[in-house]
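Colleague: I have some questions about how the labels on this model were assigned. Can you take me through them?

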Amino acid sequence: MNAEPQHPRTRQAFYRRDRRSVRLARQFAGEALTAWASTERSDDVLLCVSELATNALVHGVPAGRGFLLRLTLYGDGALRVEVHDSGPGAVGIPDASTESEHGRGLLLVAALADKWGVGERNPGKIVWCEFAGAGG
């Protein structure tokens with residue numbers, strides 16, 4: 001007997017270039033995780049959503065544009081968070097000094113998520129992270 005394939009569940013929302021967008025993206029992600037009963041790693045997921053959204057606003061969203069947040073929950077419980085922006089530039093973990101007040105967002109994402117990376121988009125890029133067995 002063949003098991004029926006489990007299709008991923010996806011939710012996405014677009015946010016304009018506005019300082020309130022990070023809070024709204026985090027709230028949207030929290031609501032999706034609750035609806036999916038995927039709360040096992042929700043604190044880590046929500047912090048990564050905040051960091052990726054903040055980075056998009058600060059570094060990746062030109063004036064008059066916005067960013068897309070996409071959450072995908074797979075049948076095996078893995079969760080993928082993607083932030084799509086339309087700005088140029090490379091993404092990487094900067095060398096932040098101990099006195100610096102900035103530059104630790106991707107360091108946090110790398111520490112909390114099981115995987116993270118950057119994909120191409122025209123224009124812009126997709127910065128993503130994944131959490132294995134996030135629930136659901």
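Modeller: Start with the hairpin of β2 and β3. Five residues lie between its strands, and Gly77 takes a positive phi near 95°. This is a predicted model, where local features need pLDDT of at least 70, side-chain atom pairs count only at pLDDT 80 or more, and totals for chains, interfaces and linings use all residues. Residues are numbered from 1 along each chain as its sequence is written, and side-chain values use heavy atoms, with hydrogens and water left out.

Colleague: What makes β2 and β3 a pair?

Modeller: The bridge count. Two strands pair if DSSP finds at least two bridges between them. Strands β2 (residues 66-73) and β3 (residues 79-85) have six, in the antiparallel sense. So they pair under that rule. Leu71 stands opposite Val81 in β3, and Leu73 has Leu79 as its bridge partner there.

Colleague: What is a strand here, and what is a helix?

Modeller: Both are DSSP runs, numbered from the N terminus: helices are H or I, at least four residues, and strands are E, at least two.

Colleague: How do you know that β1 and β2 pair?

Modeller: They share eight bridges, in the antiparallel sense. One of the contacts is Arg16, whose bridge partner in β2 is Gly66.

Colleague: Why are β1 and β4 called edge strands?

Modeller: The open sheet of five strands has the order β1-β2-β3-β5-β4, with antiparallel pairing. Its edge strands, β1 (9-16) and β4 (115-120), each pair on one side only. The twist averages 15° from one strand to the next.

Colleague: What makes β2 largely enclosed?

Modeller: Buried means under 20% relative accessible area, exposed over 50%, partly exposed in between (1.4 Å probe, protein chains only). Seven of the eight residues of β2 are buried, so β2 is largely enclosed by the rest of the structure.

Colleague: Are Cys48 and Cys129 buried or exposed?

Modeller: Buried. Cys48 has a relative accessible area of 1%. Cys129 is at 0%.

Colleague: Which strands does helix α2 lie across?

Modeller: Helix α2 (residues 42-60) lies across β1, β2, β3 and β5 (125-131). The helix runs at about 10° to β3. Axes are lines fitted to C-alpha atoms, for helices over the stretch in contact (heavy atoms within 4.5 Å). Angles run from 0 to 180 degrees between N-to-C directions.
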